[in-house]
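Visitor: I am new to this structure. Please show me how to read it.
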Amino acid sequence: MRITQGTFSYLPDLTDAEIAAQIDYALGKGWSVSVEHTDDPHPRNVYWEMWGMPMFDLKDAAGAMMEIKACRRTFPSHYVKVNAFEATQGWESTRLSFIVQRPAAEPGFRVVRQEVAGRAVRYTVESYAVDRPEGSRY
Amino acid sequence: MDTAANATSRETAAPDAVDLAALARETGVPDVLDELERDLVGLAPVKARIRDIAALLLVDRGRRLVGLPAEPPSLHMCFTGNPGTGKTTVAMRMAEILHRLGYVRKGHLVAVTRDDLVGQYIGHTAPKTREVLKRAMGGVLFIDEAYYLYRPENERDYGQEAIEILLQVMENHRDDLVVILAGYKDRMDTFFQSNPGMASRIAHHIDFPDYSVDELYSISGLMLAKMGYRLAPDAETALREYIARRIALPHFANARSVRNALDRARLRQASRLVAATGRAVSRDDLATITAADLRASRVFNA
């Protein structure tokens, strides 16, 4: 199941040149770029693992591309995304976020039905990625 | 399919001749070189080398236009010279020139010293150095007093780690950034002897000669003009004499010493104007440095 999260997620995967162009756009706007990764792309999992510190004072996409490539090498089967954060007062939040790597096989989600009082059913989704036991996930 | 068609159409469209002069005008490089000639006094070998590099990059551009292979040259540089000979100033210009020629994408200068690259404990150096390198990408990284990176007296010094990361990036990201090392000649020579990997990756060793009295005098003229001051007629000879004497004294730092001397002359001029009560100070008075302001220097007592 193909995850659609963040900007461009309905497009074919961006090439490295396209990613660099997007990062250049973000840097041109004065946003700081950071790289994050996770194996559990649950929609409510908003805190992905940080790959190093956010990169402040960057002028060119090459530095961020270096980190993206290093992150991909280290976690070849994780999701990797790029965030661009605007620090201007009033915004102070992420302005752009897009996935730059996804695993070859995306496990997707299952629906979990929980029966509660009065035969009512509560629904939730769970990532198949978190099925694997502790230690084999990371 | 599409890209193949594009490639062939580009090949057929490639011209047989290219007007380098027009290409140069288009990039605005002659303006930068002229500005360099005008603003920087002396430094003939430095200017010659910058012209060579500019010519090489221009020819490479031309080659690409006519469809010849143009491997981007390695442009890492080493600036050696005594203090105050203009290494940082030229590095700043270099960033702009390389940017106009399309060699670096952004053309900013990141000036660092050992403290910005080397960490204080194990595992601190690598992220710190990489952080600086990332900031410099697309521009020029200027490492002042680079020989401090290598401290042979302490074999556990983290400087070596910074050098290794630096070397790796200089090699693998040649089209992303240009590294300029700067320092005194003799100490840079020892640095390169103990780091042959660094020496072999730096294509351009540029030596900044000391300025002559005449050159320093012209430099002081440019500095005064920039600060909005001028010399009284008798102060001109005083300044020349000052420079000639100052060169012979220890700790002479070329243009920097001249600037300090001018700053001190401004101080004396200010005290003189404040002390001279009883009449209004004219515009002329405020802008003029007299011989007395210069001759009060301790250099003349020595």
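This is a predicted model: local features need pLDDT of at least 70, side-chain atom pairs count only at pLDDT 80 or more; totals for chains, interfaces and linings use all residues.

Guide: Residues are numbered from 1 along each chain as its sequence is written, with chains lettered from A and ligands numbered from 1 in the order in which they are written.

Visitor: In what order do the 5 strands of the open sheet in chain B run?

Guide: Strands (E, at least two residues) are DSSP runs, numbered from the N terminus, as are helices (H or I, at least four). Two strands pair if DSSP finds at least two bridges between them. In chain B the order is β2-β3-β4-β1-β5, with parallel pairing.

Visitor: Over how many bridges do β2(B) and β3(B) pair?

Guide: They pair over 4 bridges, in the parallel sense. Within this pairing, V112(B) stands opposite I143(B) of β3(B).

Visitor: At what angle do α11(B) and α12(B) pack?

Guide: Axes are lines fitted to C-alpha atoms, for helices over the stretch in contact (C-beta atoms, placed from the backbone, within 7 Å). Angles run from 0 to 180 degrees between N-to-C directions. Helix α11 (213–227) and helix α12 (233–248) of chain B pack at about 125°, their axes 10 Å apart. That makes α11(B) oblique to α12(B); under 35 degrees is roughly parallel, over 145 roughly antiparallel, 65 to 115 roughly perpendicular, and the rest oblique.

Visitor: Which residues of α11(B) make the contact?

Guide: V213(B), L216(B), Y217(B) and S220(B) do. Among their partners in α12(B) are L239(B) and I243(B).

Key. Two residues are in contact if their C-beta atoms, placed from the backbone, lie within 7 Å.
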